[in-house]
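Subject: Structure handover

Hi,

Here is the structure I promised to pass on. Please open it alongside this email.

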Amino acid sequence: MAAESGKIDPMHQFEVQSITDLFTVGGQQIAFTNSALWMVITLGVLWAFMMGGMRRQLVPGRWQAAVEGVTGFIENMMVTNIGPQGRKFVPYVFSLFMFILFANILGLLPLGVVGVHPFTVTSHLTITGVLAIVSFGIVLAVGFAKHGLHFFSLFVPHGAPWWMLPILIPVEFVSFMVRPFSLALRLFVAMTAGHILLKVLAGFVINGMNADAAWVAPIVSLPSFILMIGISALELLVAAIQAYVFALLTSLYLNDAVNLH
Amino acid sequence: MDAEAARLLGAGLAAIGVGMAALGVGNVFGSFLESALRNPAAADSQQGRLFIGFAAAELLGLLAFVVAMILLFVVGG
């Protein structure tokens, strides 16, 4: 039995596989992949959640209270960070937060038990990168539309002595331009790291159960399994925190664009 | 040293960076809790700043993790 217990590949879960090849554009195959499928599922669940809760009852039921809780949470975050003008950006930041949150949590579901393999959409830099670029693009568009070329005063800190400016301006510029990368990288790596950790521990459990010596299973597999339960709980927390951090940082960057500083 | 051995050692050394980020994140939450217990009334208003500090500290650890992953799975892996 131990002979066939090969190496368990923790990276296999991140493979994008084609479900149906749709058509080709300029020699490139455009396919409906498992990544796309899970984005559609995320969207469907999100839509169902919102539709079920967007009622206008004076005394909200549980579901309506849940939806109003999340919208109120995001709106409160925008108003504290940006001020009254931040209310305009609530729809965007809310969609961003909910999409990331639902994608993170749906990717964690233990559906492997019934033979379906969940795919974490946010564990790919292409997807988090696009989300970060959209956020950064909105910051640039709002900044230039609102302040014109005066937006560049973002790179000049208030009260700095003039002879420090040759150093401060490049530093501020770099710290501004690195924002989309840090935004995308944080979400992508946090999700990837958690899923690799879970699969490595799962590999310990399976290989321990398959080992020839009988003492391996209780000593290796059981503690690994208990650890997996704890890590799964931690991953649920991380899924929510990363979605919150993405939305929070987007709101801070929007604050720079709206109010300069 | 063998290039393969150096690659694996480098990936292991990158784990130090992840541990250092754990110190940073622990420090962020520890300091927050310490001051939140002194002045619980002001704690809720500082939650945003708490998570900004957490995000900044965590990012550097995640970068170390990326270095380890690149060494393990991208460079000749």
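Below are the notes on each chain, then on where they meet.

Ground rules come first. This is a predicted model: local features need pLDDT of at least 70, side-chain atom pairs count only at pLDDT 80 or more, and totals for chains, interfaces and linings use all residues. Residues are numbered from 1 along each chain as its sequence is written, while chains are lettered from A and ligands numbered from 1 in the order in which they are written.

**Chain A: overall**

Chain A has seven helices and two strands. Helices (H or I, at least four residues) and strands (E, at least two) are DSSP runs, numbered from the N terminus. The order from the N terminus is β-β-α-α-α-α-α-α-α.

Along the principal axes, the C-alpha trace of chain A spans about 70 × 55 × 45 Å.

Of the 261 residues of chain A, 25% count as buried. A residue is buried if 20 or more other C-beta atoms lie within 10 Å of its own, exposed if 12 or fewer, and partly exposed in between; C-beta atoms are placed from the backbone. In chain A, 61% of the contacts with a separation of 6 or more come from residues 24 or more positions apart. Two residues are in contact if their C-beta atoms, placed from the backbone, lie within 7 Å.

**Chain A: the hairpin**

Strand E1 (residues 18-25) of chain A pairs with E2(A) in the antiparallel sense, over six bridges. Strands pair if DSSP finds at least two bridges between them. Ser18(A) sits opposite Thr33(A) in E2(A). Two residues lie between the strands of this hairpin, and Gly26(A) takes a positive phi near 55° there. Strand E2 (residues 28-33) of chain A lies largely in the open, because the number buried among its six residues is zero.

**Chain A: annotated spans**

An unreviewed UniProt entry carries the annotation "transmembrane region" for residues 36-54, 89-113, 125-144, 151-171, 183-206 and 237-255 of chain A. Positions are given in the numbering used here, feature names are shortened, and annotations may be inferred rather than shown by experiment.

Two of those spans are worth a check against the model. Residues 237-255 of chain A are 100% helix and 0% strand, with end C-alpha atoms 27 Å apart. Residues 151-171 of chain A are 33% helix and 0% strand, with end C-alpha atoms 16 Å apart.

**Chain A: Ile231**

Ile231(A) is in helix H7 of chain A. Ile231(A) is partly exposed, with 16 other C-beta atoms within 10 Å. Not counting residues up to four places away in sequence, Ile231(A) touches Leu197(A), Leu198(A) and Leu201(A). Phe152(A) is 79 residues from Ile231(A) along the chain, and their C-alpha atoms are separated by 44 Å.

**Chain B: overall**

Chain B has three helices and zero strands. Its radius of gyration is 18 Å, well over the 11 Å that the globule rule gives for 77 residues, so chain B is more spread out than a compact globule. The C-alpha atoms of chain B fill a box of roughly 60 × 15 × 10 Å along the principal axes. Buried residues make up 9% of the 77 residues in chain B. Among contacts in chain B between residues at least 6 apart in sequence, 91% join residues at least 24 apart.

**Chain B: helix H3**

Helix H3 (residues 47-74) of chain B has 28 residues. From first C-alpha to last, H3(B) reaches 38 Å, close to the 40 Å expected at 1.5 Å a residue. The expected span is 1.5 Å times one less than the number of residues.

Which residues of H3(B) are buried? They are Ala55(B), Glu58(B), Gly61(B), Leu62(B), Phe65(B) and Leu71(B). These buried residues pack against helix H6 (179-210) and helix H7 (216-259) of chain A, together with helix H1 (3-38) of chain B.

Glu58(B) counts as buried because it has 23 C-beta neighbours inside 10 Å. Leaving aside neighbours within four places in sequence, Glu58(B) is in contact with Ala21(B) and Val25(B). The C-alpha atoms of Glu58(B) and Ser45(B), 13 residues apart along the chain, are separated by 22 Å.

**Where the chains meet**

Nine residues of chain B are in contact with 13 residues of chain A. By class, the chain B side has eight nonpolar, one polar and no charged residues. Here Ala, Val, Leu, Ile, Met, Phe, Trp, Tyr, Cys and Pro count as nonpolar, Asp, Glu, Lys and Arg as charged, and the others, Gly among them, as polar.

Best wishes

How values were computed: The radius of gyration is taken over C-alpha atoms; the globule rule is 2.2 Å times the number of residues to the power 0.38.
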